[in-house]
Amino acid sequence: MSERDEWVQKMQAKLDEWQAEIDKLSAKADQAEADAKLKYKDQIEELKKQREEGKQKLREMQDASEDAWDRMREGMESAWDSMSKAFKDAVNRFK
């Protein structure tokens, strides 16, 4: 398996993890009181937006040529780190 394939699999696993977290928080929001439910729903929508951004970045990487992928990888890793931090921060607001 190439380095590129490994990277794509790693990022797909992260996206799957984010979706599982969104699903868990959605279930928690459904059990909340009306005021809290609105707050949760807004935060869940933000998490979904961040996940979609991650999916788009992953598609860009998958569609890139080998030369472009090599040039993009470092920037993408930084972008993924930023998205991961933002996602984690949003999840922590639920706790």
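Of the 95 residues in the chain, 33% are buried. The model is predicted. The chain holds 3 helices and 0 strands, and its elements run α-α-α from the N terminus on.

**Overall dimensions**
- The radius of gyration of the chain is 16 Å, whereas a compact globule of 95 residues would have one near 12 Å.
- Along the principal axes, the C-alpha atoms of the chain fill a box of roughly 50 × 20 × 20 Å.

**Contacts along the sequence**
- Taking contacts in the chain between residues at least 6 apart in sequence, 75% join residues at least 24 apart.

**Packing of α1 with α2**
- Helix α1 covers residues 3-31 and helix α2 covers residues 34-63.
- The two helices, α1 and α2, pack at an angle of about 165 degrees, and their axes lie 10 Å apart.
- Angles over 145 degrees count as roughly antiparallel, and α1 and α2 are therefore roughly antiparallel to each other.
- The crossing of these two helices, α1 and α2, is left-handed.
- Sorted by class, the residues in the contact of α1 with α2 are 13 nonpolar, 6 polar and 10 charged.

Note on methods. Residues are numbered from 1 along each chain as its sequence is written. This is a predicted model: local features need pLDDT of at least 70, side-chain atom pairs count only at pLDDT 80 or more; totals for chains, interfaces and linings use all residues. Side-chain values use heavy atoms; hydrogens and water are left out. Axes are lines fitted to C-alpha atoms, for helices over the stretch in contact, and angles run from 0 to 180 degrees between N-to-C directions. Helices (H or I, at least four residues) and strands (E, at least two) are DSSP runs, numbered from the N terminus. Angles under 35 degrees count as roughly parallel, over 145 as roughly antiparallel, 65 to 115 as roughly perpendicular and the rest as oblique. A crossing is left-handed if the near helix is turned anticlockwise from the far one by less than a right angle, and right-handed if clockwise. Ala, Val, Leu, Ile, Met, Phe, Trp, Tyr, Cys and Pro count as nonpolar, Asp, Glu, Lys and Arg as charged, and the others, Gly among them, as polar. The radius of gyration is taken over C-alpha atoms; the globule rule is 2.2 Å times the number of residues to the power 0.38. Buried means under 20% relative accessible area, exposed over 50%, partly exposed in between (1.4 Å probe, protein chains only). Contact means heavy atoms within 4.5 Å.
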